[in-house]
Amino acid sequence: MSTATLSFSELKERVNIEQVLPLVGISLKKHGTQLRGACPICKDGGDRAFVVTPAKGLYYCFGKCRTGGDMISLVARIRSCTVREAAEFIAERMGMTSKQTTPPRTVPQDGSPQPLSPKEGLKPLEYLEATHEAVQALGVAAETCTHFGAGFAPKGIMRGRLAIPIHDRAGTLLAYCGRTVKGETPMLTFPNSFQAESVIFNAHRIEQGDTIFVARDPLQVLLAFEHGVTNVVSFLGDITVDALHVLTVLMDEKDVPSVDII
Ligand SMILES: [Zn+2]
């Protein structure tokens, strides 16, 4: 490698996030296709809250951070430096003599860009705003919203909230939940007739045989997805006997070998 410009994307092509972990003192355990451990940044959320998905080159923290990113942003956070300095640190430690790096384009990470098309059931709301600033303030990119069919509701019963579609395990659209964008309570609202405890959010996207994370807030599912963690579902209310029963059924049906309730 010459001393010419090394772009962030070139760096990521040449270096895997797994190689970067030991450079900043992170050691994680392998769980299937992921690496998990305690979060080195917030140290919150238990000893499996921090997830690295090497295939996607991304990390996510289910603890206080509730955010993630690529190896460059990880190093920047651990070392409290800029992303440019982080990229230079990685390049240098990996034996690349980069003097200059160029910032990445802000292309969101995207597992599968196709929004789910519901089979039947409720009709999707057409007026939700994926690019609304209140949604972006939650840390959710427009592409993530589009993937989930979610967005800010300017009207309707979810007015002023992030409306997130909820499907049954077969992928039929059942209802929308309204997630607060300003920290109000309740955090989630539902249509009156909706039985929130009897549904697990995102269950229809879980693949057979996946280990899964179970969050308590659908927003966590969106944020985790954005950072490469796709095997996440969430409860939609309190963890009741009913809700745990539904989780057990899901585990049986999808052959889920292990569950981490976050
Ligand atoms: Zn954290």
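## Briefing on the predicted model

Tyr59 has Gly69, a residue of S6, as its bridge partner. The model containing this pair is a predicted one.

**Antiparallel sheet**

- Strand S5, residues 58-61, and S6 are joined by 3 bridges in the antiparallel sense.
- These two strands belong to an open sheet of 5 strands, which has the order S2-S3-S4-S5-S6 and antiparallel pairing.
- At its edges are strand S2 (29-31) and strand S6 (68-70), each of which pairs on one side only.
- On average, and with direction ignored, neighbouring strands of this sheet are turned by 25° against each other.
- Helix H3, comprising residues 71-79, lies across strand S4 (50-53), S5 and S6, and runs at about 120° to S6.

**Zinc site**

- Which residues coordinate the zinc ion? The donors are the SG atoms of Cys39, Cys42, Cys61 and Cys65, at 2.2 to 2.3 Å.
- The site of the zinc ion is tetrahedral, with angles of 107 to 112° among its 4 donor atoms.
- For comparison, the ideal angle for four tetrahedral donors at a metal is 109.5 degrees.

**Parallel sheet**

- A further open sheet has 3 strands in the order S13-S12-S14, with parallel pairing.
- Strand S13 (232-234) and strand S14 (259-261) form its edges, each pairing on one side only.
- Neighbouring strands here are turned by 25° against each other on average, with direction ignored.
- Strand S12, residues 212-215, runs parallel to S14 and is joined to it by 3 bridges.
- Within this pairing, Ile212 is positioned opposite Val259 of S14.
- Helix H7, residues 218-226, packs on the sheet and touches S12 and S13, its direction making about 165° with that of S13.

**A loop residue**

- Asn202 is found in the loop between strand S11 (188-189) and S12.
- Is Asn202 buried or exposed? With a relative accessibility of 2%, Asn202 counts as buried.
- Apart from its neighbours within four places in sequence, Asn202 is in contact with Phe148, Val221, Thr230, Val232 and Val233.

**Chain as a whole**

- The protein chain comprises 8 helices and 14 strands.
- It has 262 residues, of which 47% count as buried.
- Among contacts in the protein chain with a separation of 6 or more, 55% involve residues 24 or more positions apart.
- The protein chain exposes about 12800 Å², and 49% of this area is supplied by carbon and sulfur atoms.

Technical notes
Residues numbered from 1 in each chain as written. Predicted model: local features only at pLDDT ≥ 70, side-chain atom pairs only at ≥ 80, totals over all residues. Heavy atoms only, no water. Pairing = 2+ DSSP bridges. Helix = DSSP H or I, 4+ residues; strand = E, 2+ residues; numbered from the N terminus. Axes fitted to C-alpha atoms, helices over the stretch in contact; angles between N-to-C directions. Contact = heavy atoms within 4.5 Å. Donors = N, O, S within 2.8 Å, 3.2 Å for Na, K, Ca; no water. Tetrahedral: all angles 85-135°; square planar, octahedral: opposite > 155°, others 65-115°. Buried < 20%, exposed > 50% of the residue type's maximum accessible area, 1.4 Å probe, protein only. Areas by Shrake-Rupley, 256 points an atom, 1.4 Å probe, with all protein chains shown as cover.
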